[in-house]
Amino acid sequence: MNEVILRTEHLTQRFGGLCAVHDANIQIHKNEIVGIIGPNGAGKSTLFNDITGMYVPTEGKVYFHDMDITGKKPYEITKLGMARTFQNIRLFPTMTVLENVMLGVHCKTRSNLIDVVLKTKRARQEEAEAQRIAEEILNITGLYDYRYNYATSLPYGLQRRLEFSRAMASSPEILLFDEPAAGMNEQETKDLGDFILKLKEMGYTVVLIEHDMKLVMSICEHIYVQDHGECIAYGTPEEVKSNPSVIEAYLGKEE
C-alpha cells in the first residue's frame, strides 16, 4: 500500500461541554480516495477544520508526511501541500473565473506588496506564471472557455468545479472536499464522480465528506464513518455497507 500522507492521533475537539470530535485516528494513503460519512452533527466538518488549521484541536495531533502540523495556520498548511473546499461555495463574485483560480496560485508566490505596487520584474513574471498555471488547470477541469466570465455567472455545478480548480492551483498533494455534491442534480453528481476519479489518475489524494451514498460507494476505496463525534466504522464500501453500527447510525435502532 502507498505511504501514509495524512494521519491524526487521538484527535479531540471540545467546545465547552460538547465533544464534537473524540479520539479520531485516521490514516490517508497517497493517491487514495477516502470518504468520511455520518449523520448531520457527527463531527465531520470539525475534523476537517482541525486538520486544515481552522481550529486548534483540544487534544491530539495531526501529521502531514510525518510532520506535526497541529495548530499551524491554514495558509501554512496550504503551502505544505494541502487544500480544501467548504460546504458553502466561497468564490469572489466580482472576479472572473480565471482571476479566482489565479488567487490559488498566489499563495506560492514570493512577491510582496511593494513588488505588486511598483510592478517589478519579479511581480510581472509571477503574474504571468500564475495565469499560465490557472489556464492549464481550467483546461483540465473543463472551464477554460468560461475563463473571462464572472464566477457567479456559472451554473451551480460549474461553480463547484471552479472551487476545485482554485484548490488545485496551490499545487497540493491532497485535496479535502467538504460535501462537494451538495445542491447538485443527478447528472452533476455523476460528472463530479468522474472528475474525482480523474484527479486520482493525475496523482492527487482526495478525502471527501459527503452525504450522497451512491457517489461515496462508487468512487471511494475506503470510508470512515463518524457518529456523535466518534469513528464507529472503517473499511471498504462493501464492509461499511454491511456494518451493523453503520446501519443503526443511519436507520436508527429498533425498539
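Trainee: Is Q13 buried or exposed?

Mentor: Let's start with where Q13 sits: in this predicted model, Q13 belongs to strand β1. Its relative accessible area is 5%. Anything under 20% counts as buried, so Q13 is buried.

Trainee: Which residue stands opposite Q13 in β2?

Mentor: Look at the two strands together. β1 covers residues 4–15 and β2 covers residues 18–24, and they pair in the antiparallel sense over four bridges. Q13 also touches several residues beyond its sequence neighbours, including L18, C19, A20, Y55 and T58. The residue opposite Q13 in β2 is V21.

Trainee: Which residue in the turn between β1 and β2 has a positive phi?

Mentor: The two strands form a hairpin, with two residues between them. The phi in question is about 65°, and it belongs to G16.

Trainee: How many residues does the largest nonpolar core have?

Mentor: Nonpolar side chains tend to be buried together in soluble globular proteins. Here, L162 is among the residues with the most contacts inside the largest core, and L162 is in contact with L91, V97 and L143, among others. A second, separate core of 22 residues includes V34, I36, F48 and I69. The residue count of the largest nonpolar core is 42.

How values were computed:
Residues numbered from 1 in each chain as written. Predicted model: local features only at pLDDT ≥ 70, side-chain atom pairs only at ≥ 80, totals over all residues. Heavy atoms only, no water. Pairing = 2+ DSSP bridges. Buried < 20%, exposed > 50% of the residue type's maximum accessible area, 1.4 Å probe, protein only. Contact = heavy atoms within 4.5 Å. Core = buried A, V, L, I, M, F, W, Y, C linked by side-chain atoms within 4.5 Å. Lists of a residue's contacts leave out its neighbours within four places in sequence.
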